[in-house]
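Subject: Structure for your review

Dear colleague,

Please find below the structure that I am handing over to you.

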Amino acid sequence: MGTMDDASFHEETLSTEQVFSGKMLRIHRDVVRLPDGHESVREWVEHPGAVVVVARLDNGKLLFERQFRYPLRRVFLELPAGKIDPGEHILDTARRELREETGYKAKTWRHLGTMHPCIGYSDERIEIFFAQGLTYVGAQLDHGEILDVTEVSVDDALLAVRDGEITDAKTITALMWAEKTFSGAWPLPA
């Protein structure tokens, strides 16, 4: 490990300007003082946070979704996920998103960890959940949400990552947790 302590990297915010405010995101331009005394500009995206759900069916397969993602203008295979609403507990978000998008509810839930997908330009965090004991109760998609739910084994999903078919960061990270959890290498958190 390095020899510098964390305080040696701290950047002091001198000014902040919100340059865009949208339905979900806010973009800021900050002027900061670097640890060496110089000034610099930091542009960053404020995000409300999200969840991703590793939902394991009784047959051992995971629930995946195929959906079009506009910024990259293509269909992606990914795990169920969604934005945390203001004041909403992260477990409630996970339950809501699993139900809305896949039509399933889960008997057992575990929080596996947190990931930060875009640390260079966003404060977004994604909370990773594991769900099992699934029962189909019917999907309730949001307006304008079009997706196809499919079942994929952990092994096939990991192969799709290695083959470049799954490139979504939250899905790759959650699959890493799933693989280690299911193999017993990482016990499920209590």
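I begin with Phe 129, which is buried, since its relative accessible area is 4%, and burial requires a value under 20%. Please bear in mind throughout that this is a predicted model.

Aromatic pairs

Two aromatic pairs turn up when the whole structure is searched. One of them joins the rings of Tyr 104 and Tyr 136, whose centres are 5.2 Å apart; because their planes stand at 75 degrees, the pair is edge-to-face. Tyr 104 belongs to strand β8 and Tyr 136 to strand β9, so this pair ties together parts that are 32 residues apart in sequence. As to accessibility, Tyr 104 counts as buried at 16%, whereas Tyr 136 is exposed, with a relative accessible area of 53%.

Phe 129 takes part in an aromatic pair with Trp 109: the ring centres are 6.2 Å apart and the planes lie at 80 degrees, so this pair is edge-to-face. It links distant parts of the chain, with Trp 109 in strand β8 and Phe 129 in strand β9, 20 residues apart. Trp 109 is buried, at a relative accessible area of 12%.

Nonpolar cores

The largest nonpolar core has 21 residues, and those touching the most other members are Val 52, Val 54, Phe 64 and Leu 175. At least two residues of this core come from each of β4 (50-55), β5 (62-69), β8 (104-115), β9 (126-136), α2 (154-162) and α3. The element giving the most is α2, with four residues. Apart from this core lies another, of 16 residues, which includes Leu 57, Ile 84, Leu 98 and Ala 131.

What surrounds Leu 175, once its neighbours within four places in sequence are left aside? Leu 175 is then in contact with Leu 62, Phe 64, Ala 157, Leu 158, Val 161 and Ile 166.

A buried lysine

Lys 170 is found in helix α3, which spans residues 169-183. Is this residue, Lys 170, buried or exposed? Its relative accessible area is 10%, so Lys 170 is buried, the limit for burial being under 20%. The side chain of Lys 170 makes a polar contact, at 2.8 Å, with the side chain of Asp 168. Leaving aside neighbours within four places in sequence, Lys 170 is also in contact with Val 52, Arg 69, Glu 78, Leu 79, Ala 81, Met 115 and Ile 126. Val 52, as noted above, is one of the core residues that touch the most other members.

The three-stranded sheet

Three strands make up an open sheet, ordered β1-β2-β3, with antiparallel pairing. β1 and β3 (39-46) stand at the edges and have a single partner strand each, so one side of each is left without a neighbour in the sheet. On average, and ignoring direction, neighbouring strands of this sheet are turned by 20 degrees against each other.

Within the sheet, β1 (residues 12-21) and β2 (residues 26-33) run antiparallel and are joined by eight bridges. These two strands, β1 and β2, form a hairpin, with four residues between them.

Yours sincerely,
A colleague

Notes. Residues are numbered from 1 along each chain as its sequence is written. This is a predicted model: local features need pLDDT of at least 70, side-chain atom pairs count only at pLDDT 80 or more; totals for chains, interfaces and linings use all residues. Side-chain values use heavy atoms; hydrogens and water are left out. Two strands pair if DSSP finds at least two bridges between them. Buried means under 20% relative accessible area, exposed over 50%, partly exposed in between (1.4 Å probe, protein chains only). A polar contact is a pair of N or O atoms within 3.5 Å; within protein, one must be able to donate a hydrogen and the other to accept it, and residues adjacent in sequence count only if both atoms are side-chain atoms. Contact means heavy atoms within 4.5 Å. A nonpolar core is a set of buried Ala, Val, Leu, Ile, Met, Phe, Trp, Tyr and Cys residues joined through side-chain atoms within 4.5 Å. Axes are lines fitted to C-alpha atoms, for helices over the stretch in contact, and angles run from 0 to 180 degrees between N-to-C directions. Rings of Phe, Tyr and Trp (its six-membered ring) pair if their centres lie within 6.5 Å; planes under 30 degrees apart count as stacked, over 60 as edge-to-face and the rest as tilted.
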